[in-house]
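Please read the briefing below alongside the sequence and the model. It is arranged by topic.

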Amino acid sequence: TGGSLAGATQSSAGEWRDGTLTGGTMAPVKPGDVVIIPAGTPHQFRLAPGEQVNYLTLKIAAATK
């Protein structure tokens, strides 16, 4: 997570896809872990060959007044 994203394409408002992530921090994730990624933070999953991941994404809209 973190670092900078270059060459990404905006797929919808606030949603960027593809591109190259440089810098940032790598952290191993194992079954049962919860990962929280703040809005606007570049991130990606990198899997070892032959590995797979199943995940659930929840996006919470910003509060409006």
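This is a predicted model: local features need pLDDT of at least 70, side-chain atom pairs count only at pLDDT 80 or more; totals for chains, interfaces and linings use all residues.

Residues are numbered from 1 along each chain as its sequence is written, and side-chain values use heavy atoms, with hydrogens and water left out.

**Largest pocket**

- The volume of the largest pocket is about 2100 Å³. A pocket here is an open set of points on a 1 Å grid over the protein atoms alone, where a 1.4 Å probe fits, with protein on both sides within 12 Å along at least five of seven lines. Grid points are joined across faces, edges and corners, and the volume is the space filled by probe spheres set on the points.
- The lining of this pocket consists of 46 residues, where a lining residue has an atom within 4 Å of a point. Nearest the pocket centre are Val35, Ile37, His43, Gln44 and Phe45.
- Sorted by class, the lining has 24 nonpolar, 14 polar and eight charged residues. Nonpolar covers Ala, Val, Leu, Ile, Met, Phe, Trp, Tyr, Cys and Pro, charged covers Asp, Glu, Lys and Arg, and the others, Gly among them, are polar.
- Strand β3 (residues 15-17) gives the most to this lining, with three residues. Strands are DSSP runs of E with at least two residues, numbered from the N terminus.

**Aromatic pair**

- The count of aromatic pairs is one, under a rule that pairs rings of Phe, Tyr and Trp (its six-membered ring) if their centres lie within 6.5 Å.
- Phe45 and Tyr55 form this pair, which is tilted, at 5.0 Å centre to centre and 35° between the planes. Planes under 30 degrees apart would count as stacked, over 60 as edge-to-face, and the rest are tilted.
- Phe45 and Tyr55 are ten residues apart, and each lies in the segment after β4 (20-22).
- Phe45 is partly exposed at 49% relative accessible area, whereas Tyr55 is exposed at 56%. The classes are buried under 20%, exposed over 50% and partly exposed in between (1.4 Å probe, protein chains only).

- Glu15 belongs to strand β3, and its side chain makes a polar contact of 3.4 Å with that of Arg17. A polar contact is a pair of N or O atoms within 3.5 Å; within protein, one must be able to donate a hydrogen and the other to accept it, and residues adjacent in sequence count only if both atoms are side-chain atoms.
- Beyond its neighbours within four places in sequence, Glu15 is in contact (heavy atoms within 4.5 Å) with Thr9, Gln10 and Lys59.
- Asp18 sits in the loop between β3 and β4 and is exposed, at 67% relative accessible area. The phi of Asp18 is near 65°, a positive value in a residue other than glycine. Most residues other than glycine have a negative phi.
- Thr20 is in strand β4 and is partly exposed, at 48%. Leaving aside neighbours within four places in sequence, Thr20 is in contact with Ser4, Leu5 and Ala6.
- From Thr20 to Thr9 the C-alpha to C-alpha distance is 11 Å, for eleven residues in sequence.

- Pro28 lies in the segment after β4 and is exposed, at 79% relative accessibility. Pro28 and Thr57 are 29 residues apart in sequence and 18 Å apart in space, C-alpha to C-alpha.
- Ala63 is also in the segment after β4 and is exposed, at 80%. Between Ala63 and Met26 there are 30 Å in space, C-alpha to C-alpha, and the two are 37 residues apart in sequence.

Methods: Helices (H or I, at least four residues) and strands (E, at least two) are DSSP runs, numbered from the N terminus.
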